[in-house]
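Good morning, colleagues. Please bring up the sequence and the structure, and we shall go through the domains, the contacts and a few points of backbone geometry.

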Amino acid sequence: MSTVKLTVNGKAVAVDVEDRTLLVHLLRDHLNLTGTHVGCDTSQCGACVVHIDGRAVKSCTMLAGQADGADVTTIEGIAKGDELHPMQAAFRDNHGLQCGYCTPGMIMSAIDIVHRYGGQLDEATVRHELEGNICRCTGYHNIVKAVLDAAGRMKVAQAAE
Amino acid sequence: MGVEGIGASVVRKEDKRFITGKGRYVDDIKLTGMTYAHFIRSPHAHAKVKGIDSSAALKMPGVVAVLTGKQIVDDKVGNLICGWAITSKDGSPMKMGAWPAMAPETVRFVGQAVAVVIAESKNLARDAAEAVVVDYEELPAVADVTAAIKAGAPQLHPEAPGNQVYDWVIGDEGAVDAAFAKAANVVKLDLANNRLAPNAMEPRAAIADYDAAEEHFTLYTTSQNPHVARLVLSAFYNIAPEHKLRVIAPDVGGGFGSKIFIYPEEMVALWASKKVGRPVKWTGDRTEAFLTDAHGRDHVTHAEMAFDTNNKITGLKVKTYANFGAYMSLFSSSVPTYLYATLLSGQYNIPAIHAEVIGVYTNTTPVDAYRGAGRPEASYLIERMMETAARQLKVDPAALRRTNFITQFPHQTPVIMAYDTGDFNASLDAAMKAIDYAGFPARKAKAKADGKLRGIGVSCYIEACGIAPSKAVGSLGAGVGLWESAEVRVNPVGTIEILTGSHSHGQGHETTFCQLVADRLGVPISQVSIVHGDTDKVQFGMGTYGSRSAAVGLTAILKAMEKVESKAKKIAAHALEASEADIVIENGEFKVTGTDKAIAFPMVALAAYTAHNLPDGMEPGLKETAFYDPTNFTFPAGAYICELEVDAGTGKTSFVNFVAADDFGRLINPMIVEGQVHGGLAQGIGQALLEHAIYDANGQPVTASFMDYTMPRADDLPSFKLSHTTTLCPGNPLGIKGCGEAGAIGASAAVINAITDAIGKNNLEMPATPDRVWRTIHAA
């Protein structure tokens, strides 16, 4: 057992976990942040993507101990109160989700994509960048639309800040 | 239609919880004192279980119990059933081998459970499972149908000699033989429909909780049809009587058919919960999903089509071997028979059809309904056949289809189905226009000049949905009726709860079902909530599959709404001192037509519950129930056209354009309908280009993770161009046909027709991987 100290969604936490515990299980089982999902166990599907120090990471690929000292943001931590993150709003407005299971990971990956490209995105780039996130419901059509829509919204929001 | 009524693309009410991480899936639920199950599964495709030694495991930390197949059989938990009886051509019933929830003596596919460890945590259960020693005696195994039916093949079940479950026929063989005797041309086709793994993104999971004081079980499970699960668990598996078993299917992360069935893991969790006296949770991992979720498709078919001198089809004969895997899953028997062969007429006038379907056991994961269930196999066969025929007869493939389209409705096919309505020319016109079919030769020439092979492929599908008229399916062997139920509860303040037997696992019922209410009463959808997925809350219902939730489920709601409105009108008329016949419902008010007298709907609801001033003899309250049994199947149909390029050097396919023109009858929420089509197309394209659940000759699965099984990714797919042509379904009052499976049914033939057009060779199996395409291009 080890104590892992980290910041999750802005809150400092210390959690005692078995050394083999994956970050995703620390989040789900110890902190009850069940929005982060497990879909494949082989780091293919991306349902478990969270942000670690601002970058998208598959939380099933990382031991909880490796996140010691890190700043972790999950799907539960991106809205500001009742105000949705522009990516969340874009997924809803573009019907970018159906069963919702891949959605948290999609949204977390997509935010990272927009950040990395500074909003300079086109359809082909979005499709290529979503390689690590699998959705079985939407055929990606509306997810791609949502990410492009959000890229515009995030640019506007950034300009306003 | 109003901003929230029928026909409006309302954003989904359910989305907020999913986009904020507040969805509640089975694995998100924790119960006090919960234990965790880990199954011990056979690594062999076929073996005797000679012994299980769990002594070391039982001494490990946190282990609560190790339970075996022998114990579950001794406790008289029932064997898994197949709920649709099929009769062979010789009149004999289908031949089924016994399927216990855990194998006491013989395992017949890799992944079949033989024992389960129950422990204080998931990790401790997994650790202990490593210490359970199972003594297997390997037996010869067989994985594909052609090998399984050969003399001397390994035999799976003593009940099914030759590994044959049934040899079933449909249609008039004499009429077909006569048509072929007179045929001007005969087109022959051999094809395989590749085995697929459904792969809903949420792995299956179950939590069973036994209350010894009440002798009552609660099961949280990833189900598309919780009431059917309760019925089967109660009536056939002896878990508990129905009133002592509550089944809850909360948020479910996709189903695609695979979550219709009641699986061994739910049965074991329930049984184990009583045995250990604590809640038991099992959450499958992805490899378990590959090994144990019912697979789809897996047909091997030979077909011949006869044409007269005018290129009119005169007859069709089909012989299909369907791989059922090692056991007959819940609805498996119906898939390659009544859901497949009854659609072999496609969109065409075919005077004579005969089909023979031989169901075969193999040492593989059981096969059952997966998105489309039989109808993709039929559509793929017919549309590959039409393309092959056009090439052989040297006519334009679209023109050959038009020559043979059914244009008069109703149309009785020779294989049971009576198509009620449709306009196949209209959908083909729309698709051809959308893709600029006329301009294709010029584009092909230009691509050729650029060194690319360009192809175009058409697929005109029809399917039977709205499953299904109970009397009709009962006469065909179904063990259940396929009606749907609804209850409309108006609360005293005028808010409304709709309790539906349908289940939403991505389809957006919480929005579309509210839209019907908004449309009829003029109340905002925020005032309406949909309750589903809990047998303690909702009256018995049949669940969601076969594109039935709108055509059947929503119609049940409509029927209940009509009863509510009728009573509400009486109350309003009484309050307004008017005639009931003069009451109209507009914008949330009950009005006396032609006057300014009106009473708001919440006031009607309140009046129903205060009961201070009701018409004489009227019962208080405003709540009605309806059970709706459809009168016919519905027949969604459409035309898909795919244009693509093949790189002759690598065999890689790139999409240029993919257009879909569907006729789903009335659309409640076009945005949601289009989402359903997108997802279906992705699965159809996935089948055509990427997906294949492969076994080696000894029954070892080669594709049991996302590392090996190619799921469609975003950059494997194009953006789709969708359009709709509409003929209203005459079979239900809303005119709905259903849209959930169309994409998966129609897409794969369009893709393969396009690739084979591009490369100029007709024989190409799915999935058309670059390797396979390259070999086909360069084959002698």
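Predicted model: local features only at pLDDT ≥ 70, side-chain atom pairs only at ≥ 80, totals over all residues.

In chain B, the centres of domain 2 and domain 3, taken over C-alpha atoms, are separated by 36 Å.

As for the bounds, the domain assignment of chain B gives domain 1 as 15-20 + 483-628, domain 2 as 31-139 + 203-253 + 259-292, and domain 3 as 299-468 + 632-778. There is also a record to mention. An unreviewed UniProt entry annotates residues 20-140 of chain B as "domain: Aldehyde oxidase/xanthine dehydrogenase a/b hammerhead". Over residues 20-140 of chain B, the chain is 17% helix and 29% strand, and the end C-alpha atoms of that stretch are 51 Å apart.

Let me turn to chain A. Its assignment gives domain 1 (2-77) and domain 2 (86-160). The centres of domain 1 and domain 2 of chain A, again over C-alpha atoms, are 21 Å apart. Their contact involves 15 residues of domain 1 of chain A and eleven residues of domain 2 of chain A. On the domain 1 side of that contact, the elements giving two or more residues are strand 3 (49-52) and strand 4 (55-58) of chain A. Strand 3 of chain A supplies the largest share of that side, with three residues. By class, the domain 1 side has seven nonpolar, seven polar and one charged residues.

We come next to the contact between the chains. Here 41 residues of chain B meet 45 residues of chain A. Which elements of chain B give two or more residues to the side that touches chain A? They are helix 1 (15-19) and helix 18 (670-689) of chain B. Helix 18 of chain B gives the most, with seven residues. The chain B side of this contact divides into 17 nonpolar, 14 polar and ten charged residues.

Finally, the backbone. Most residues other than glycine have a negative phi, and most peptide bonds are trans.

In chain A, His95 has a positive phi, near 55°. A:His95 is found in the loop between helix 2 (86-93) and helix 3 (103-117) of chain A. Is A:His95 buried or exposed? A:His95 counts as buried, because it has 24 C-beta neighbours inside 10 Å, and the threshold for that class is 20 or more.

In chain B, Lys394 likewise has a positive phi, near 55°. B:Lys394 lies in the loop between helix 10 (375-393) and helix 11 (397-404) of chain B. B:Lys394 is exposed, because 6 other C-beta atoms lie within 10 Å, and the limit for that class is 12 or fewer.

Chain B also has cis peptide bonds to show. One joins B:Ile467 and B:Ala468, with omega about -5°. B:Ala468 sits in the loop between strand 18 (453-462) and helix 14 (470-475) of chain B. Another joins B:Met766 and B:Pro767, with omega about -10°. B:Pro767 is placed in the loop between helix 19 (742-759) and helix 20 (770-778) of chain B.

Thank you for your attention.

Key
Residues numbered from 1 in each chain as written. Chains lettered and ligands numbered in written order. Helix = DSSP H or I, 4+ residues; strand = E, 2+ residues; numbered from the N terminus. Domains from an automatic or database assignment. UniProt positions renumbered as here; feature names shortened; annotations may be inferred. Contact = placed C-beta atoms within 7 Å. Nonpolar A, V, L, I, M, F, W, Y, C, P; charged D, E, K, R; others polar.
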